[in-house]
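Please have the sequence and the model open side by side while reading.

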Amino acid sequence: MVGNVTELDPTAGSKVGFEQEAIPHLDAVYRFALRLSGAPDHAEDLVQETFLRAYKSWNQYTTGTAAKSWLFTICRNVFLRGQERGKRHDEIVEENLGRDGPGVPAVNPIWSSVLGADPEGDFFESIVDGRIVSAIDSLPEEYRTTVVLSDIEGLPYAAIAELMEVPVGTVKSRLFRGRRQLQGVLYDYAVEMGYIADRSGTGA
Amino acid sequence: MSMIEKLRALLGGAAVKAATEDGHESQDMMSCEQAITVLQEFLDGELDQIPEDQVRAHFDACERCYPYLKFEGAFRDAVTRATTGQTAPPDLRAKLMELMSQAGA
């Protein structure tokens with residue numbers, strides 16, 4: 001029987017492995033924590049708590065699996081546990097979810113708003129980074145996390161589904177709805193700023 | 001130069017002709033409805049039923065659907081651009097290492 005270093009010497013093995021596999025994801029976990037919490041101070045605390053927990057339970061981590069997803073999972077759990085005292089999350093989104101998977105509405109209502117004015121969405125380019133970030137932060141947690149994991153961290157549907165403990169159909173639905181909501185906020189801002197001509201009504 | 005002329009120039013005309021004259025229903029092209037239904041999965045690289053080439057071909061050739069692809073692409077580009085520069089504060093790594101050593105190596 002071939003035992004690896006970790007099994008033979010848990011303490012020495014775990015430390016080396018942790019530095020090599022977990023620490024490189026620090027920036028990604030920080031970005032994620034920042035979007036979850038919305039504030040740099042809170043994000044730093046969240047990251048410290050995440051890495052500390054990950055470090056302590058490093059022996060449960062299986063080498064070769066996605067360390068990044070594992071860290072995101074811990075980070076989100078820590079965040080949600082901190083939130084539980086305040087509000088309840090799950091109901092807000094789930095009751096609006098309706099049908100999942102193939103039933104996800106495919107036509108984006110915003111397309112008809114930009115038709116004639118800016119159908120290819122050039123206005124997105126005019127919006128400053130900070131405004132886009134605050135629009136992301138305004139989404140409900142379930143949408144925000146899904147959009148961040150997909151659009152910013154590039155995780156596949158399956159990984160997001162596992163991390164959030166929902167079916168892949170729910171991930172697709174949340175992505176669709178989250179992106180629509182985010183686009184809606186950005187569209188309103190662009191109209192307000194005059195980046196896009198509002199032609200929906202002549203004198204409106 | 002109109003969009004249709006640009007596409008014709010790019011594609012040699014055949015596909016665009018099929019799209020405009022046959023109302024996208026030509027046998028070698030998926031319908032607009034199908035294309036829009038799979039747009040999100042196409043952009044996410046998560047198509048599981050339809051080959052990517054087939055979807056790409058529709059958007060390349062269909063004057064009506066092409067702007068939707070561009071719109072969703074512009075949105076994603078903006079989200080990426082707005083968040084890529086974000087990295088952890090320089091001292092956070094040191095704090096973590098300190099925390100680890102306190103937790104016991």
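What follows takes up confidence, fold, contacts and single residues in turn.

Residues are numbered from 1 along each chain as its sequence is written, while chains are lettered from A and ligands numbered from 1 in the order in which they are written. This is a predicted model, in which local features need pLDDT of at least 70 and side-chain atom pairs count only at pLDDT 80 or more, whereas totals for chains, interfaces and linings use all residues.

The predictor gives the complex an ipTM of 0.80 and a pTM of 0.79. Among the elements of chain B, the lowest mean pLDDT, 46, belongs to helix α2 (residues 14–21), and the highest, 96, to helix α4 (residues 39–43); helices here are DSSP runs of H or I with at least four residues, strands are runs of E with at least two, and both are numbered from the N terminus. Over residues 11–26 of chain B the pLDDT is below 50, although this stretch has 27 contacts in the model beyond near neighbours in sequence; two residues are in contact if their C-beta atoms, placed from the backbone, lie within 7 Å. Where pLDDT is low, the predicted coordinates should not be read in detail.

Chain A has twelve helices and zero strands. Of its 204 residues, 35% count as buried, a residue being buried if 20 or more other C-beta atoms, placed from the backbone, lie within 10 Å of its own, exposed if 12 or fewer do, and partly exposed in between. Chain A is divided into domain 1 (5–84) and domain 2 (90–193), with bounds that come from an automatic or database domain assignment. Eleven residues of domain 1 of chain A are in contact with eleven residues of domain 2 of chain A, and on the domain 1 side α3(A) gives the most, with five residues.

Between the chains, the contact takes 37 residues from chain A and 30 residues from chain B. On the chain A side, α4(A) gives the most, with seven residues. That side of chain A divides into 21 nonpolar, five polar and eleven charged residues, where Ala, Val, Leu, Ile, Met, Phe, Trp, Tyr, Cys and Pro count as nonpolar, Asp, Glu, Lys and Arg as charged, and the others, Gly among them, as polar.

Not counting residues up to four places away in sequence, A:V47 touches A:V29, A:Y30, A:A33, B:A88 and B:L92.

In chain B, the buried residues of helix α5 (residues 52–61) are B:V55, B:H58 and B:A61. Seen down the axis of α5(B), these buried residues fall within an arc of 145 degrees, so they line one face of the helix; the arc is that of the directions from the helix axis to the C-beta atoms. On the other side of α5(B), B:E52 and B:D53 are exposed.

Finally, A:V185 is found in helix α12 of chain A, and A:V185 counts as partly exposed because it has 16 C-beta neighbours inside 10 Å. A:V185 touches A:A135 and A:S138, not counting residues up to four places away in sequence.

Note on methods: pLDDT = per-residue confidence, 0-100.
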